[in-house]
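Subject: Structure handover

Hi,

Here is the structure I promised to pass on. Please open it alongside this note.

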Amino acid sequence: MARKLVTSLGVLSLILVITALYMVFEYVPTEADEGIVQRIFYFHVPCAWIAFMAFGLVAVAGIFYLWLGGQIWDDLGHAAAETGMLFCTLMLVSGSLWARPMWGTWWTWDSRLTSTFILWLLYGGYLMLRVMIEDSRQVARFAAVIGIVAALDVPVIILSVRLWRTIHPAVLVTRQGGHGLQDPRMVATLLVSLTAITVTFAWLFLVRFAELRMGTRLAALARGIALAEVRSGDI
Amino acid sequence: MAAPVVETHGLGKTFGLHPVLREIEFRLLPGRGAAVIGGNGAGKSTLLSILAGLSAPSEGQALVFGIDSRRLGPRYRRRIGMISHRSYLYPNLTARENLEFYASLYGVADAPTQIDTWLARVGLEASADERVRAFSRGMEQRLAAARAMIADPMLLLLDEPFSSLDTDGQALMSRLVVAALARGAAVVATAHAVPEIENAELDLYEIVRGRMFPLKEKEREEVRHGRLRTLLGR
Amino acid sequence: MAAFTAILRKDLRLEMRSGQSTIALIALALLVLVVLVFALDPAVARGPQTAAGALWVALVFSGMLGATRALTAESENGCIRGLLLSPADRAGLYAAKLAAAFIFMMIAEGAAVVMMVLFFNLEFDTALMRVAPVIALGALGFASIATLLAAITGRSRASDLMLPLLAVPMYVPALIAGVRASTAALSGLPFSAARDWIEILVAFNVLFVSAGYLLFEHVITEE
Amino acid sequence: MEHFGYLFATYSIIFVAMFLYVAFIWQRQSRLESEVRALEAKLKALTEPRSESGGAESGSKPSP
């Protein structure tokens, strides 16, 4: 059943991504000011949305883990964090590749870039900690706590970074907000690619989650065997 | 009949792939003592950690004062005293300061008198104002006993309490255990092989390959005389 | 509450006896300032803006050390288990450790402020009185996350790397707000100029002190 | 078609990254799956002879 769901999501995401790519490269008109590079935007924005949403998932999984226990919640949070990290990285890379021709620089401390960069650092710390602690039950509790605390931090980060950049005007104040998708075809393209990326995220997330569940099952089996071996020696 | 202080149901603990404890069924009534023997790494300390609520069982449960050991609130933790292989004493505080600190954590009434009494009882009144860092292992163990018992616990968990004590110290520890039993406390003590508690009536248990067995009368005698024969060897 | 005072009193007594943490923290804060003085071009780097920045760098580093110190006091002889075994509630333990880390940080910051005035050519005047509450808010915020995270990273490999890796990104909002508010205070601007920043600092503190208070029991217990 | 290189690079990176991620997980998953199967067989072999006790053996039973 689960396998079927993963496969069908994969197929669906493939179809959606191809459609979205067609729309991005062929269907949508070129934006007047920014030219062709503006087309990066159609995948960049969905990646950003996924990055934030995945972090929400990590926090929710953390709350459920601390509340109910159960390895499944930990696997859920782990998969969400890792997949979220992937999309967060893609967003930073695509943002950078967009900024270079547009702003003439690879990186600028624009408010959105800064917030997402901090988000990326938080994801990185979370995933790094998972590697650095061996005991699996300890990891689960620690990761849950960090996931929750980091999610609490996100609104404060966004707020402070926004205030930071507006009060302290830079040469390159964001133009991103003023994109103004004048053409309805642009809106349609954005919506389709948003759906495509979301479904792709769900697919990647499920693939990773299934793999983690398999690992959990393997550990349980190994424990069962160790126990059975000890028992078989009982008098 | 009084409610048991400790009651375990199918208790098990696994570290990684290694089942340290399994299927442990154990009951202890107030005023009774149990001595648990077993070799190094047999799981004695793990059992005590679980009973103290410091460690969570992997299977089954342990009820302490009728409460799941993982959910022991302050009220119940206050009634547990533990001596482990680590002393839980601050090396840079004096003996008296250490006891003052724990007395305040446990909310001991009339703390100064109690502290003096306990320092005298464990024979450390002369070293009361020396830092624990300067103590020998045996003195530290005596102070740890005072620390564990200062709040008159109803459950005493003693992890190899006789190790590193001299003959006097062992006799002292035995007296303390007997006194605790006499006032109705339950005691679980662990030992490598021979339980040195001379006068106390302790029920003997042995942990073999993760499971705990009561020792029968004949086996008891053998253990008392220092000839431990593990069940495994039968 | 009884546990809070007992543990904090014990920590302060231990600290007064050895003075180790205080000296280490002050030394670290001073070193950070010295490094910054040499790292920055003295022709450009003067005045309140740079001074405030330097002060907050010192705060972050001393905070890392302070939180670690407050917790490692319990690691000798397994004292942390003694605390967990005792009736002391975990939240009280968190509050005591947070308070200890906060006090250590404030002492280090006191020294750092004096050095800042000397190094960055400021005046000993009322501006410093206005920076004090900002620093206090920042130190409390850092101590609140660092105490929670140090309990986690203390049990990981490479713990001295993991603590900053987790704590610094989380602290960014308070860092931004704190530096701006301190700059405003040092420049002699009225309170209204720093109002937004102070509000962010307060919000950060409320959020993370309560999160730490609620979540600490999950990170301090063993399996 | 100014800056087409940037556009092309972006989309290439996005899809190469996703592809590599999935390929990596799949490879690991198939390895895990074979391990799980091996362990399942082993566990079965271990528990089979005493399956009449339904796994909850009392311990006092004489070993076969």
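Below is what turned up, chain by chain. Keep in mind that this is a predicted model.

Chain B first. Its fold has seven helices and ten strands. The chain holds 234 residues, and 49% of them are buried. Take the contacts in chain B with a separation of 6 or more: 68% of them join residues 24 or more positions apart.

Next, a sheet in chain B. Four strands make it up, and it is open. The order is β2-β1-β4-β5, with antiparallel pairing. At the edges sit β2 (18-28) and β5 (67-68) of chain B, each pairing on one side only. Strand β1 (residues 6-15) of chain B is joined to β2(B) by seven bridges, again in the antiparallel sense. For a landmark, find Thr8(B): its bridge partner in β2(B) is Phe26(B).

Which helix of chain A packs on this sheet? It is α6 (residues 184-232) of chain A, which touches β1 and β2 of chain B.

Now a helix pair in chain C. The axes of α2 (residues 20-39) and α5 (residues 90-119) of chain C come within 8 Å. They cross at roughly 30°. The cut-off for roughly parallel is an angle under 35 degrees, so α2(C) counts as roughly parallel to α5(C). The crossing of the two is right-handed.

Who makes the contact? From α2(C), the residues include Leu25(C), Ile26(C), Ala29(C), Leu30(C) and Leu33(C). From α5(C), they include Phe104(C), Ile107(C), Ala108(C), Met115(C) and Phe119(C). By class, the contact of α2(C) with α5(C) has 14 nonpolar, two polar and one charged residues.

Last, chains D and A. How many residues of chain D are in contact with chain A? There are 31, and they meet 31 residues of chain A. The chain D side divides into 18 nonpolar, six polar and seven charged residues.

Over to you.

Best wishes

Key: Residues are numbered from 1 along each chain as its sequence is written. Chains are lettered from A and ligands numbered from 1 in the order in which they are written. This is a predicted model: local features need pLDDT of at least 70, side-chain atom pairs count only at pLDDT 80 or more; totals for chains, interfaces and linings use all residues. Two residues are in contact if their C-beta atoms, placed from the backbone, lie within 7 Å. Ala, Val, Leu, Ile, Met, Phe, Trp, Tyr, Cys and Pro count as nonpolar, Asp, Glu, Lys and Arg as charged, and the others, Gly among them, as polar. Axes are lines fitted to C-alpha atoms, for helices over the stretch in contact, and angles run from 0 to 180 degrees between N-to-C directions. Angles under 35 degrees count as roughly parallel, over 145 as roughly antiparallel, 65 to 115 as roughly perpendicular and the rest as oblique. A crossing is left-handed if the near helix is turned anticlockwise from the far one by less than a right angle, and right-handed if clockwise. Two strands pair if DSSP finds at least two bridges between them. A residue is buried if 20 or more other C-beta atoms lie within 10 Å of its own, exposed if 12 or fewer, and partly exposed in between; C-beta atoms are placed from the backbone.
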